[in-house]
Amino acid sequence: MTTTTVIRTEGVGKTYSTAGDEVIALDGISLEVREGEITSLLGSSGCGKSTFLNVLAGLITPTVGTIEIAGQPPKPRRQVGMMFQRSLLFPWRTVIENVLLPAEVMDLAMDESRARASELLALVGLDGWESRYPWELSGGMQQRVALARVLLPDPDLLLLDEPFGALDEMTRETLDLELTRIASLTRKTVVLVTHSVYEAVMISDRVFVFTPRPGRLSGIVDVPFGRPRDLETSGTAQFAEKVSEVRRLMVETDR
Amino acid sequence: MTLTDQSTTETAPTGADRVSWRRFRGPIGAAVIFLALLGFWVWLVESETVHRVILPPPGEVASAFLTTFTEGFFYEHLWVTVQEVLLGFAIGVALGFSLGALLGASALAREVSYAYIVAFQGLPKIVLAPVFITAFGFGMMSKVVMAVAISFFPLLINTMSGLMTVDPEAVQLMRSLTASKRDIFWKLSVKHAMPSIFAGVKTSLTFALVGAIVGEFVGARAGLGFLLASYSYQLQVDRVWAITFVLALLGIILYLLIEWVDKKVVFWGKRGSSIDIGM
């Protein structure tokens, strides 16, 4: 099996100028993500990891550098799905209507999409909730709906901006494991932004460590545990070693 | 609960009593105030504090009110006013929404028109009535224009402010889904602004009624405002009060109607453009 590169960035930088002041949000980010990989962008807040994800999604234009997403310049497209920290479900739409939003916007065949939406809701454990409204759901369930929504157009690449960051730790752990299960099952390439070392090591094949002011890539850590992972994985000595390796990288570069 | 029941069985109200009192205290209170106002009205007339020519006793007004509904020409006037109000309201809402959408979407449009909006907001729009009568005549047209002139404004403001509070991250979500500007506007922004827009619609409807009646006062050949003014000139004060109550009734019916539509359309109420979790 040959692995192709899905994301390739070269010297990506982003500078904001506000009131004569120049703020460097991102500086010289060069990295590659291979097909089917689950990767994390890890760093403390203000390190530009979210900005970088938005650049990959084509929602923010970088000041310098080149980016290729599957060989093409970044822009919003069906093959790339983005998920946010907040579920951003629309309260005027039922659960299934929210999941079908991409189909409407992208003009996909409605009958197929409806069937697929039901399958995806079952996949995220929400069958039977189709005609409920978002406000009737817990925060974790709302993010499950958002996950089904991002999966609806069957994107190859998932860009996830701290998708479970606002949830309690138990829910986040469960959803992290489900995310990796679903990503493996459907062979997605995943880039996840997080500030949790544990979360990054738990779900990733590789961790990109960012440092703040200016946002730079300070190191890449391979996490050679196979999938599927479970809570047992996090109890092993190798796991603890990886966590401290990543943490060291963050602390060193923080100074 | 059981403890209090045992110790004060004779005096303490039971739970069921308390619940029914909570349910009926509003209507009971309202009825008490109604009777008090009616009593005050009778006292004002009987004690000759207010002359009968200005305020007839409730009985006379009530019978004038009922007589009004037996007269054929009343319905012609009612129909004229209802048409003016609904037409003015419809045009006002369409105009207010369109302009509000334009201003909500374009910063340039807001900057250019800001001074005019403030000026128009400050203007007591009733002063436009004589101008409209001169320009559009004594028929329904001038009243419709008047109703439009004062009813479009609340909708403009509410549409604009509703559109401007759209969650930027929800817009990013739509963009990431390759949504066109049109899709973002109709599937996100307008929906998000709906609660605000409908608050404006309610005000607009009330204003449309005011506009039509003011227009009829200033110069008309038909309509409830015209009828009221005519009765006033003829010193048929019981009839004046009867029409006043008809207008109040009309206003209430229109308001309840729009509130019913509001509940159907904006069923998600104040739940915002998106559900926040733990933030």
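How many helices and strands does chain B have? In this predicted model, chain B has 11 helices and zero strands.

## Chain B: overall form

The elements of chain B, read from the N terminus, run α-α-α-α-α-α-α-α-α-α-α. The radius of gyration of chain B is 25 Å, well over the 19 Å given by the globule rule for 279 residues, so chain B is more spread out than a compact globule. Its C-alpha trace spans about 80 × 75 × 35 Å along the principal axes.

Of the 279 residues in chain B, 35% are buried. Among contacts in chain B with a separation of 6 or more, 77% are between residues 24 or more positions apart. The domain assignment divides chain B into domain 1 (2–50) and domain 2 (60–265). The centres of domain 1 of chain B and domain 2 of chain B, taken over C-alpha atoms, are separated by 37 Å.

## Helix α3 of chain B

Helix α3 of chain B covers residues 58–68, and Val61(B), Ala64(B) and Thr68(B) in it are buried. These residues are on the same side of α3(B) because they cover an arc of only 60° around the axis. An α-helix has 3.6 residues a turn, so residues three or four places apart point the same way.

Gly59(B) and Leu66(B) are exposed on the other side of α3(B). The cover over the buried residues of α3(B) includes α4 (72–105) and α11 (237–265) of chain B.

## Chain A: overall form

Chain A has eight helices and nine strands. A compact globule of 255 residues would have a radius of gyration near 18 Å, and the 18 Å of chain A agrees with this. Along the principal axes, the C-alpha atoms of chain A fill a box of roughly 50 × 45 × 40 Å.

Buried residues account for 45% of the 255 residues of chain A. Where contacts in chain A join residues at least 6 apart in sequence, 71% are between residues at least 24 apart.

In chain A the domain assignment gives domain 1 (1–79 + 156–166 + 178–255) and domain 2 (88–154). The C-alpha centres of these two domains of chain A lie 26 Å apart. Six residues from domain 1 of chain A and six residues from domain 2 of chain A take part in the contact. On the side of domain 1 of chain A that touches domain 2 of chain A, five residues are nonpolar, none is polar and one is charged.

The largest nonpolar core has 128 residues, and Leu56(A), Ala148(A) and Leu159(A) have the most contacts inside it. Leaving out residues up to four places away in sequence, Ala148(A) touches Val99(A), Ala117(A), Leu120(A), Leu121(A) and Val124(A).

## Interface between chains A and B

In the interface, 25 residues of chain A are in contact with 20 residues of chain B. On the side of chain A that touches chain B, α3 (101–105) and α5 (139–151) of chain A each supply at least two residues. The largest share of that side, three residues, comes from α3(A). By class, the side of chain A that touches chain B has 19 nonpolar, three polar and three charged residues.

## Backbone and loop details in chain A

Most residues other than glycine have a negative phi, and most peptide bonds are trans. Ala70(A) is not a glycine, but has a positive phi of about 50°. Ala70(A) lies in the loop between β4 (64–69) and β5 (80–83) of chain A, and is partly exposed, with 17 other C-beta atoms within 10 Å. Leu88(A), also not a glycine, has a positive phi of about 55°. Leu88(A) is in the loop between β5 and α2 (95–99) of chain A, and is buried, with 25 other C-beta atoms within 10 Å.

Arg213(A) and Pro214(A) are joined by a cis peptide bond with omega about -10°. Pro214(A) is in the loop between β8 (206–211) and β9 of chain A. Another cis peptide bond, with omega about -5°, joins Arg227(A) and Pro228(A). The loop between β9 and α8 of chain A holds Pro228(A). Thr236(A) is found in the loop between β9 (216–222) and α8 (237–254) of chain A. Thr236(A) counts as exposed because it has 11 C-beta neighbours inside 10 Å. The C-alpha atoms of Thr236(A) and Pro163(A), 73 residues apart along the chain, are separated by 26 Å.

Key. Residues numbered from 1 in each chain as written. Chains lettered and ligands numbered in written order. Predicted model: local features only at pLDDT ≥ 70, side-chain atom pairs only at ≥ 80, totals over all residues. Contact = placed C-beta atoms within 7 Å. Helix = DSSP H or I, 4+ residues; strand = E, 2+ residues; numbered from the N terminus. Nonpolar A, V, L, I, M, F, W, Y, C, P; charged D, E, K, R; others polar. Core = buried A, V, L, I, M, F, W, Y, C linked by C-beta atoms within 7 Å. Buried ≥ 20, exposed ≤ 12 C-beta atoms within 10 Å, placed from the backbone. Domains from an automatic or database assignment. Arc of directions from axis to C-beta. Rg over C-alpha atoms; globule rule 2.2 N^0.38 Å.
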